[in-house]
Each structure stands twice: as structure tokens, then as C-alpha cells.
Amino acid sequence: MRKDVRILLVGEPKVGKTSLIMSLVSEEFPDEVPLRAEEITIPADVTPERVPTHIVDYSEAEQSDEQLYQEISKANVICIVYSVNNKKSIEKVTSHWIPLINDRTDKDSRVPLILVGNKSDLVEHSSMETILPIMNQYQDIETCVECSAKNLKNISELFYYAQKAVLHPTGPLYCPEEKELKPSCIKALTRIFKISDLDNDGTLNDSELNFFQRTCFNTPLAPQALEDVKNVVRRNMMDGVKDNGLTLKGFLFLHTLFIQRGRHETTWTVLRRFGYDDDLELTQEYLFPLIKIPPDCTTELNHNAYLFLQSVFDKHDKDRDCALSPEEVKDLFKVFPYMPWGPDVNNTVCTNEQGWLTYQGYLSQWTLTTYLDVQRSLEYLGYLGYSIIYEQESQAAAITVTRNKRIDLQKKQTQRSVFRCNVLGARGSGKSGFLQAFLGRNLQRQRRIREEHKSFYAISTTYVYGQEKYLLLHEVMPDIDFLTETDLACDVVCLVYDVNNPRSFEYCAKVYKQYFIDSKTPCVVIAAKSDLHEVRQHYSLSPHDFCRKHKLHPPQPFTCSTNEAPSKDIYTRLTTMAMYPHARLHCMCACNRCTYCLCQNLLKLELLRSIKAQLRTVVFNRHMAQADLKNSTFWLRASVGATVFAVLGFAMYRALLKQR
């Protein structure tokens, strides 16, 4: 909505333009009227719409044509004043003033016009019979007001209608010739209806109508008022009310009725509450609220955002199969001006056997969008009406900006839920297969993917120590000399080579030495296509020797050529390494040299197992036979024993760590 309103009064000399302005300001008819009144500003707290209003007078005697043209270009609304007792001034409205104004304004942004019949105190008849044909001829004319500057009749109403014509214009909403809403208005109101239809049953029940009323007008409707509204619709159309709920047709009819009765500010209040501007487009401020993201921070959806997206999923999953069919996806995105998800989405997240988006896949795609392009995510949430349904100032309230990664490393803990793994490797090394295997697709299912629907991302959930986390895999194009900051910025790196291709590992070695040898980012080497015969790599060091030299984990064998869904163990390990890049215990090998392997072997020693078994036998034989399990002495001794055992174990671990 505009922050101020500029009203220009034009018309033939002696019709009373200046008198109208002075009567409004002084609330009495002036004894002496100057040739032209100075520009007047009415403060916001005085006007009904709480918007500052500037009133500008025009005098043919004091101003040139050029000055008139400048004022026309600056005006938000123009009042063409005529004298009801002067036919010549009425004729000039169509022969001079309207053509002049139209010539000086763009066709796409015409200024609303108001016809003002002054000096109604001098005649007993109305001029409306003469004016109505003019109003029907020119769509830019909002209304006509007959008034009298002398006895102050309709003076306040005149300027209220002028202000209203700017703040709540009829033009974008309604076509007077057809007596129906314009297509752009129907489109906007249809989106509003679908957002307000919380259960997606095609009608607004009493609860949804009250929520809509409270959202737009800050007050609910009384039960009788709700019934009265529905009765009005019932009397005027057959299918406006269904199962005691308001249908889309009934909803549109009500707004048509508001406009026809001169209450178009009601429709504008609804439209603006749902983010629309004067051109019935969603505003940039609504779609892209300000959000600050410091360097080395990432963006994630918070708990409320996931709850909202879950409700949207449930609302459109009509067959309750925990997956969205193509028709259900299309229905979900009807509130969007375009289809935001293409066929590649089905190869980016988990789907069911039919290729439909599962609930997990649906949330994963939202998580991916928020992580990679938070502005796009804000836009999408805006289309869905997040800030309205959850009564937030903007959809920025749905976003969590994580803390700086360097702080996470210093504190050796993170609160992030999404971790990025960049997958690098030579062409044909198996990177795409590695991504698709994460989504549970073996080689047979991967062969069905069309080349144009291929995705360079894959995202799904893994569990690390009982915590659900998202792992985002990004396949990086194989070009050693042109890796961008985005290609390098991640939480963990996968270097993939083909065990059956002798030249495949060389690329991984060069990339590691050029970009990651001095990096704090954990790196893992993946020996892809491990079901095939392993050949000697044409590189100075074998993959195992290379990893040993650079203190990397040994190459991890991987294949997606399986009958069932490929194993996800490697992805859990990658997520663990991304969460705890500082840790050295998250071993993926059986090297028998690292601290983790030594501790694991120690815990598996037969001697330690026999000692534990004997201790358990002694404790149970001694106390189970002589005392009740509820005896406090038994539990005290058992607790002390467990504590001693834990302390000894930790001491052994510290000793091993110190030796290493």
C-alpha cells in the first residue's frame, strides 16, 4: 500500500476548486477565496486510512500548461471539478479534461479519476443523469460526488473517496462492463482460498472462515454472522455453499458483492494481508524478507517449518499412502505461479517403487533448497502462506542460520542438521552411482534414469548416534583446473575411483594434493565398482599406499551392483566424519594400528571377556542368593563396581592415545 496520497484538483475557472480545499481545512466557507490554494498536507493520524495526504490546487490564471502537466504526472488521483449549475463546465469534462489527462499518462498506469459536482446548494436537481453516461464511457472514473463548499456538504467524503481511489482502486479488481472480477483478481483470490482451506476439502468450514477472518481483520465472526454470510451466498447462487462450507465460487461471489456495493477496501485488505501489491502481484518484501547470513554459516529449516511442511504434505496426500503422486504434487503447487520442481527432483530424493515422492523425500527436497538457495526457499514458503498460517512476521522465521563452522571446530561440537559431501572423481568413476545408491537405488534401477532427468545432488537422512541428520551429496564435474569455491566448500570430501580402470585413481590423487592436502576437511577415498576385477592403478603409489602416506582411511570398497538396495553404512560414516571432523576415533578400517582399532581389539580380548564373566558370576552368586535385589547395599556395591570398571577402561584408552 502507498505511503502517501497526492490529490490534484483540476477544472474550469470559477467552479470552486479552491473553495473546496479551504472549506475542508477550515471547516467553514471562506469569505475571501484566493486564485489558488497552496499545497496542503493532511497528517496520517487525521485521515481515515492513516496515510498522509497531499492536496494540490490548479489555477489556470497562475500556472502554465507545463506546470499542469507536471502536476498530472505526480498525482495519484485527479478530481475533475465541475459546477452542477454550469453545463459548459460539465461538457469540458469529456471534451477537454479527460483527453488531456489520458494524453499525459501511460495507458498501463492510468490515474484514477473522480468527478466532483460542486455548488449543489444552488440547484434543486441532481447532475447524475448527465454524469452516469460519462462514467460508463470512461473506465478510469472511480466515482462521482456531488458536494457544496458553501454548506460543507460531502466535503470530507470527497477527499475520503479520492484517498480510497488510490489506496483501494477498483480498476485492478473489477470490470464494470462485464460486472465480474478480473482474471488477475480471481487468480489471487483463488490462491488465498486454497491457502485458507486447511484440510483441502474444497470448502471453507466455520473454523477455517473464522481463521481467515481473524487473519485478515483481527476479529472472528460470531456464529450468527457466519450463517448470515452463507445465507446471502445461498440466495444468490446454487453451488456457493456445500456441506455447510463456503466453496470457491461462493468466496469469489462475496468479493464481487463487496466491490459492487462500494466496499472494495474489504477485498484489498484481504489481498494485502496475503502479500499482494496494487498490481495484484506478490510483493518482493513478502516473497524475499531480509535475512542475514554471515560467512561460513549455513541455512536450515527449523522445527516449526518442518511442522508446517508436514501439514502441507498431509493436506495433499489424499490417498494417505505417504507419497505424493504427480497429480497430488501438481495440486500442491497450484498456489505457485509456476511449477518449481522438475523431473530431476525424483532423482535427487527418495521415492517409492512407483517413482513418487515419499514423505522423507519431500522434506529432503525442502532441506536441499533451503541449504543451497535460501532465497528460493523463502519464496516457496511465501507462496504456500507460511507466515500467514503460522502468524509470523515473515517466512524468515522458518529459517535457522547456523553458527560459524570455525566455532564448531573450536568447541568440537555442532548443532547443525545438514552436512554437505562433495563427490569428486574422473569421468565414469561411479560418482552418479554413488549418489543414487544413497537413495536406495541399485544399478538396475539407476539404468532407468533418463539423461535429461539426471541430478547432480542427492539428499537423504542418516542416523549418527541416534540423531537424525541430513547428508547432502554433490557430484562435482571433473575439471581439476577449474574447481570453484562452491566445489571445495563442504564438510567432507569423497574421492571416487573405478577399481577396474587403471587411470581412474590418478585424478583423485591430483585433486587431493592440489586442494585438500592442507585442508581441515575430512577426505575419504571410495573404491567404486568393487564387484569388478581390481586392476593396478597407473600412479606412482597404489591407492592403499597413497592413503597410508597421507594418513587417510584406506579406500572404502563400494558397489551398487546388488540385488537389493545398496548398503548405507558408508553414508553414515561420512555423516559422522562431517559432524566430528576433529575426531580421530571414527575409524572405517581394520588397520590394527590406529587408536580406535587398538581399543576395539582390547575390548574383544578373550582375557578381558573371561574377567568380565567371572566378575559377573561372583557378583550375582554372592548377592542374588543372600539379598533381595531391592536391597540398597547391593545396588550401591554394583554402582561402585561399574564406576571402577569405567575408570579403568578410560585410563587404558588414555594410555594408548598417549603412546600413539
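Is lysine 454 buried, partly exposed or exposed? I looked this up before anything else. Lysine 454 counts as partly exposed, because its relative accessibility is 30%. I note that this is a predicted model.

**Entry: lysine 454 and its partner**

I followed the side chain of lysine 454 and found a salt bridge to glutamate 475, at 3.9 Å from N to O. Lysine 454 sits in the loop between α19 (443–446) and β17 (457–464), while glutamate 475 belongs to strand β18 (residues 467–475), so the pair ties together parts that are 21 residues apart in sequence. Glutamate 475 counts as buried, with 6% relative accessibility.

I took the total next. The count comes to 22 salt bridges. I picked out aspartate 331.

I compared accessibilities. Aspartate 331 is buried, at 11% relative accessible area. Lysine 318 is exposed at 55%, and lysine 334 is exposed at 54%.

**Entry: a charged network**

I looked for linked salt bridges. Arg403, Lys405, Asp408, Arg416 and Asp491 are connected in a network of them.

**Entry: acidic surface patch**

Where does negative charge gather on the surface? I found a patch made of Glu27, Glu28, Asp31 and Glu32. I placed one member in the fold. Glutamate 28 lies in the loop between α1 (17–26) and β2 (40–42). Glutamate 28 counts as exposed because its relative accessibility is 51%, and the cut-off for exposed is over 50%.

**Entry: threonine 358**

Is threonine 358 buried or exposed? I read a relative accessible area of 16%, so threonine 358 is buried. The limit for buried is under 20%. Threonine 358 lies in strand β14 (residues 357–358).

I listed its contacts, leaving out residues up to four places away in sequence. Threonine 358 touches Phe313, Cys322, Ala323, Cys350, Thr351 and Asn352.

Key: Residues are numbered from 1 along each chain as its sequence is written. This is a predicted model: local features need pLDDT of at least 70, side-chain atom pairs count only at pLDDT 80 or more; totals for chains, interfaces and linings use all residues. Side-chain values use heavy atoms; hydrogens and water are left out. Patches are made of residues with over 30% relative accessible area and no salt bridge: like charges are joined within 9 Å, nonpolar side chains (Val, Leu, Ile, Met, Phe, Trp, Tyr) within 5 Å. Accessible areas come from the Shrake-Rupley method with a 1.4 Å probe; for residues, only the protein chains shown count as cover. A salt bridge is a side-chain nitrogen of Lys or Arg within 4 Å of a carboxyl oxygen of Asp or Glu. Lys and Arg count as positive and Asp and Glu as negative; His and the chain ends are not counted. The place of a charge is taken as NZ of Lys, CZ of Arg, CG of Asp or CD of Glu. Helices (H or I, at least four residues) and strands (E, at least two) are DSSP runs, numbered from the N terminus. Buried means under 20% relative accessible area, exposed over 50%, partly exposed in between (1.4 Å probe, protein chains only). Contact means heavy atoms within 4.5 Å.
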